[in-house]
Structure formats: structure tokens, C-alpha cells
Amino acid sequence: MTSYLIRRVLLIIPTVFLSSLLVFFVVRLIPGDIIELMISTHDVSASAEMDREMLAKAMGLDVPVHVQYVRWMGDLIMHGDLGKSLWKETPVADEILARYPVTFELGILALTVALIIAFPIGIYSAIRQDTWGDYIGRSFAILCIAIPNFWLGTMVVVFPSLWWGWSPPIFLISFPEDPMGNLQQFIVPAIVLGM
């Protein structure tokens, strides 16, 4: 068991490395140029090329992509620094931490929904094994696992807006301000994720 755990922990290293490579380089492959976008949002002056070079140097984009990756990984490993957002110029860690409470709340609600679905089906299937109810329960559970939640989430947003003109609220209703409004806002995404 110990050797198995050690192997699994050691497999985390190449997995994280390959994931970081993939994410880093895919962001760089997106069509368009962040510097051009930043310059275009400001007044275009005669010194646009100088502004471009200055922005590239300030953002560390004046060096080849592999050097940018090595710098980024060095900052991450040595200082725990995820870098700055290319668009907002704010630390990425702050952006993640700002969204953490909503993610945590949605995760807890989704886990609750998943348990509400799974326990009755599992208990019934264990007690009444190989009956029609067992087959229906297992089929429903497999269907819930098989449907991609990103697709189901899109359908849950698109169809009510087309059929009834209803769309979910855009702005977050915080739990301390309005607990019921917050629950109403989170229940549909929690059901989609919990399934």
C-alpha cells in the first residue's frame, strides 16, 4: 500500500507539469494579441509602437514563449506567485481567492444534491437487487453520470429563455443579504452539478 501511495504521489509531478504546459501554451495560442487590445482601448498615439514595446517589456512578453514559461514556473515554485492577469494586471491568486466563496458554496450544494440522489437509489438498489425498481434507479444514475453537466447547464439556461423569456440573474445575491434569494440562485446550478 505504501509503494502504491508513493507512486501515485510521484505521478502528480508529471501530471501538474504537463497540465501547466498545456494551459500556459494554449493561452498563448488564442488568436489576437493582448498588447494590441490594450493599446486599442486607449487613445492611439503616434508612439503606439513605442507603447507596444514598453507594454511587452513590462508584461514580460518581449522574450520567447519558452522563456516566459520558465520564468512563470520559477516564480510559482520559488514564491508561490501565479503571476498577473494579462488583462486586468491584478494578481491571479487574488482573482482566484475572490471567486472561492462562490465556488465553495456551489460545491457544497452540488454535493448535497448528489447525496440526495445517490443515497435513496443506492439503498433501494441494495435492498431490491435485480428488480424493476433497481434497474430504473441504476439506469437513472448512469444517465445522470453520462450527461455532460456543461451541456445540461447550457440547456437549462437556453431553453427557459427561449420558451418563457426567463433568464437567471446575472449578479450574485449574497447569502447574508438574502438567504432565500441566494438559494434560489444556486439551486439550479447545484442540481445540474449534483446530477
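## Buried and exposed

A residue is called buried when its relative accessible area is under 20%, and exposed when that area is over 50%. Keep that in mind as you look at this predicted model.

Let's start with helix 6, which covers residues 132-146. From the first C-alpha to the last, its 15 residues reach 21 Å, close to the 21 Å expected at 1.5 Å a residue. Which residues of helix 6 are buried? They are Asp134, Gly137 and Cys144. Look down the axis of helix 6 and you'll find these buried residues within an arc of 95 degrees, so they line one face of the helix.

Here's a handy bit of background: an α-helix has 3.6 residues a turn, so residues three or four places apart point the same way. What do the buried residues of helix 6 pack against? Their partner is helix 5, residues 92-127.

## Aromatic rings

Now for the rings. The model has ten aromatic pairs. In one of them, Phe24 and Phe25 have ring centres 5.5 Å apart and planes at 80 degrees; over 60 degrees counts as edge-to-face, so that is what this pair is.

Is Phe24 buried or exposed? Its relative accessible area is 6%, so Phe24 is buried. Phe25 has 28% relative accessibility, so it counts as partly exposed. Both residues also belong to one aromatic cluster, which Phe24 and Phe25 form with Phe17, Tyr69 and Trp72.

Terms used:
Residues are numbered from 1 along each chain as its sequence is written. This is a predicted model: local features need pLDDT of at least 70, side-chain atom pairs count only at pLDDT 80 or more; totals for chains, interfaces and linings use all residues. Side-chain values use heavy atoms; hydrogens and water are left out. Helices (H or I, at least four residues) and strands (E, at least two) are DSSP runs, numbered from the N terminus. The expected span of a helix is 1.5 Å times one less than its number of residues. Buried means under 20% relative accessible area, exposed over 50%, partly exposed in between (1.4 Å probe, protein chains only). The arc is that of the directions from the helix axis to the C-beta atoms. Contact means heavy atoms within 4.5 Å. Rings of Phe, Tyr and Trp (its six-membered ring) pair if their centres lie within 6.5 Å; planes under 30 degrees apart count as stacked, over 60 as edge-to-face and the rest as tilted.
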